[in-house]
Amino acid sequence: MSVSRRISPVLPGPAVAFSLCLVVAASLVSAAPNVPTDVRPDTVPDPTLREDEGVGIRLKLDPVHGDSQAPLYEGDAVKVSFAISDTATETPLRGLYPAAWMDLLPSSKEGATSAEDCLEKVSTFLGGSLFAQPELNLNVYYVLALNDDATITVVDPLFGFGTTKLLELVVLPAKGEDWVLDAPRRRIFVSMPTLGKVAVVDTESWKITRQIDTASRPERLALLADGRYLWAADDGSSENSGVTVIDTEPLEVVAQIPTGAGQHDLTVSPDDRFAFVTNYLAGTVSVISTWDLVKTQTLATGSRPLSIDFSAMGGAAYVADQADGTITVIDGESHRIVARMEAAAGLNQIRFAPGGRYGLAPNPDNNRVYVIDAAAQRIVQNGEMEKGPDQITFTDELAYVRHRDSELILMIPLVSIGGEGEPIAVVDFPGGQRPPGLGAKPSRADSIVQAPGSPAVLVANPGDKTIYFYKEGMAAPMGNFQNYNRQPRAVMVVDRSLKERTPGTYETTVKLRRPGRYDIAFFLDSPKAAHCFPVEVLPDPKRARARELLKPSYRITSLLDQKTIPVGEPVDLRFQVSDRTSGAPLSGIPDLKVVTFLGPGQWQERLFAKHQGEGIYQASFTPPESGIYYVFLRAPSLGIELKDSKFLVLRAQTTELAQGK
């Protein structure tokens with residue numbers, strides 16, 4: 001049986017390859033309309049509360065560590081929450097998709113942000129402009145790559161204003177093999193078999209906070225649904241090979257359970273009652289009570305059981321045997337073998353799609369993928385794929401098939417599978433330029449994961465040392481970023497966007513980077529709402545002293561008095577540059593340039609500033625239309641870059657509007 005059709009587009013050249021930061025930003029706001037001008041975020045006495053047309057939004061900021069009533073300081077990890085309710089009934093509004101940003105205000109700005117300026121600000125941020133980036137994006141997610149050189153790269157795909165998207169590089173004590181993220185998204189557990197430990201990585205500081213000695217060589221990891229116990233299956237090389245159970249609260253080993261010889265895979269029943277562990281060389285599967293941490297049963301399933309997954313619909317664990325080419329079904333309650341299916345030797349993995357009815361098992365030896373129907377307990381389809389299909393991952397709509405010896409990623413629509421004896425319908429896209437098999441050995445973790453906020457995936461290609469962003473329905477990846485010359489063996493997403501944690505309350509956690517006065521700009525598409533909340537972040541004394549030592553040698557002072565300027569008329573941007581210590585004017589700066597930019601990205605102009613004497617520089621520009629204009633300065637000779645900060649924010653109005661006509 002063969003696949004029914006295939007589309008084989010080519011990778012786009014450099015001229016049409018998009019920056020990943022722009023693509024992801026577009027995917028987050030693609031469904032959002034322009035901010036309506038009739039939304040009026042009126043000022044109210046309580047700075048944490050806004051009400052508009054029957055919708056109440058209350059902001060709350062709580063330090064993750066320390067007193068919730070204490071002031072906010074730079075460096076604090078803070079939980080940001082918006083409680084959204086119907087003001088008439090006080091009923092929490094559920095199932096919403098709010099967006100928010102923390103915008104560091106220019107030192108020249110005085111007073112609170114007006115309703116009109118707030119709307120302009122929100123519109124600019126929704127547009128995803130690189131010239132008007134907020135200090136913190138509360139809709140962001142981070143992309144992590146588990147690399148071949150014992151590192152984890154942490155990339156902010158929305159941060160594209162500077163010359164790098166690298167947020168952090170976590171250096172592991174040894175190469176990582178598998179990883180899991182806990183439910184609060186605050187810790188990542190990474191197995192390091194050569195070191196015999198599991199590393200705990202804090203996702204706020206991106207530091208390793210603990211290394212747990214397992215007295216084995218841990219590879220495969222699984223976290224119970226309640227997050228309390230982490231299960232680590234070893235690589236099968238020890239005499240008492242099996243699993244180690246770690247309590248995630250004290251981060252201590254609570255049990256070591258021998259299961260059998262050989263490498264292990266494991267899965268846990270949906271009710272968290274039983275773990276099923278394969279023993280590759282022993283040809284068995286061990287059943288362990290997660291409550292008692294005791295092995296209750298050992299079942300002979302075949303010569304070389306390699307992979308296992310649990311189907312909630314089938315109520316059973318399914319075991320793929322590499323040598324025999326069989327799929328054995330173990331009932332989740334009786335723990336008896338209830339079915340055995342014949343495929344072909346070489347099975348590499350088995351994974352069940354969302355819903356749990358259909359499972360897919362790739363076979364890189366015969367280049368086929370088998371479809372298992374858990375309702376019928378039999379193989380209902382199989383189809384020929386690209387060279388060496390070896391890993392299956394899922395989104396809500398598609399199954400993605402990675403191939404060891406081909407750069408093509410096959411996509412199988414989940415709605416199309418299940419027809420017994422029918423061909424498997426697939427489409428494909430190039431997941432890079434080189435087959436993954438030419439790079440580092442894949443890890444036990446996924447190399448394709450779904451991107452938050454859109455029907456899209458991120459694809460780690462170790463052969464290209466690149467991570468690709470592919471949006472469903474496109475012929476090729478829409479963007480990519482180099483993994484800083486490292487081979488990504490697996491990819492993970494840490495989603496920090498606002499999520500509904502309790503009815504009507506939407507939360508995320510951020511780390512405050514800099515002190516200053518901020519607007520937290522809030523936007524809700526339906527029901528319509530846009531508001532700006534004032535927030536102050538105090539300087540940390542230690543960081544402030546360190547900053548004082550690193551302060552630039554110059555000081556820039558704006559000489560422009562008005563913040564509202566007329567459309568269509570020249571505006572003289574004048575500012576003085578002086579020595580920070582002595583106050584003496586700095587003359588003859590040869591490369592001082594002024595960049596004016598109309599939010600959210602419709603127009604910009606770059607001008608060289610002319611020295612007028614006494615350290616005063618001037619550049620004139622004419623705003624072509626009404627709107628908010630951002631003014632930046634750049635002077636490489638002084639170390640001033642555009643990304644350092646917004647120098648000025650100006651509002652351009654027509655003469656009639658400015659005069660109130």
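Me: A pocket is an open set of grid points with protein on both sides within 12 Å along at least five of seven lines, and its lining residues have an atom within 4 Å of a point. In this predicted model, which residues of the second largest pocket's lining lie nearest its centre?

Reply: Val-180, Arg-220, Asp-309, Arg-351 and Asp-446 do. The pocket has a volume of about 1200 Å³.

Me: Which elements give two or more residues to that lining?

Reply: Strands E10 (178-181), E14 (218-223), E18, E22 (305-311), E26 (351-352), E30 (389-394), E34 (448-451) and E38 (488-495) do.

Me: What makes up the lining by class?

Reply: It has 24 nonpolar, four polar and eight charged residues.

Me: How do you know whether Ser-269 is buried or exposed?

Reply: Check its relative accessible area, which is 4%. Buried means under 20%, so Ser-269 is buried. Ser-269 sits in the loop between E18 and E19.

Me: What makes the link between the side chains of Ser-269 and Asp-271 a polar contact?

Reply: The distance is 2.7 Å.

Me: What stands out about the phi of Asp-272?

Reply: Phi is positive, about 65 degrees, and Asp-272 is not a glycine. Asp-272 lies in the loop between strand E18 (266-268) and strand E19 (274-279). At 15% relative accessibility, it falls under the 20% cut-off and so counts as buried.

Me: What is the phi of Leu-293, and where does this residue lie?

Reply: Phi is near 55 degrees, again positive in a residue other than glycine. Leu-293 is in the loop between strand E20 (284-289) and strand E21 (294-300).

Me: Why is the peptide bond from Ser-526 to Pro-527 called cis?

Reply: Look at omega, which is near -5 degrees. Most peptide bonds are trans. Pro-527 is in the loop between strand E41 (516-524) and strand E42 (529-537).

Me: Which members of the largest nonpolar core touch the most other members?

Reply: Phe-82 and Ile-84, out of 27 residues. Strands E3 (55-63), E4 (77-86), E5 (99-104), E40 (505-511), E41 and E42 each supply at least two residues of this core. A second, separate core of 26 residues includes Phe-575, Leu-607, Tyr-629 and Leu-633.

Me: Why is the space lined by Arg-402 and Ser-406, among others, called a cavity?

Reply: A 1.4 Å probe fits there but cannot get out, so the space is a cavity and not a pocket. About 40 Å³ of space lies in this largest cavity. The structure holds one cavity of 30 Å³ or more. Strand E35 (residues 456-461) gives the most to the lining, with three residues. By class, the lining has four nonpolar, three polar and three charged residues.

Me: What does the whole chain come to in helices and strands?

Reply: Four helices and 51 strands. Buried residues make up 53% of the 661 residues.

Note on methods
Residues are numbered from 1 along each chain as its sequence is written. This is a predicted model: local features need pLDDT of at least 70, side-chain atom pairs count only at pLDDT 80 or more; totals for chains, interfaces and linings use all residues. Side-chain values use heavy atoms; hydrogens and water are left out. Buried means under 20% relative accessible area, exposed over 50%, partly exposed in between (1.4 Å probe, protein chains only). A polar contact is a pair of N or O atoms within 3.5 Å; within protein, one must be able to donate a hydrogen and the other to accept it, and residues adjacent in sequence count only if both atoms are side-chain atoms. A nonpolar core is a set of buried Ala, Val, Leu, Ile, Met, Phe, Trp, Tyr and Cys residues joined through side-chain atoms within 4.5 Å. Grid points are joined across faces, edges and corners, and a volume is the space filled by probe spheres set on the points. Ala, Val, Leu, Ile, Met, Phe, Trp, Tyr, Cys and Pro count as nonpolar, Asp, Glu, Lys and Arg as charged, and the others, Gly among them, as polar.
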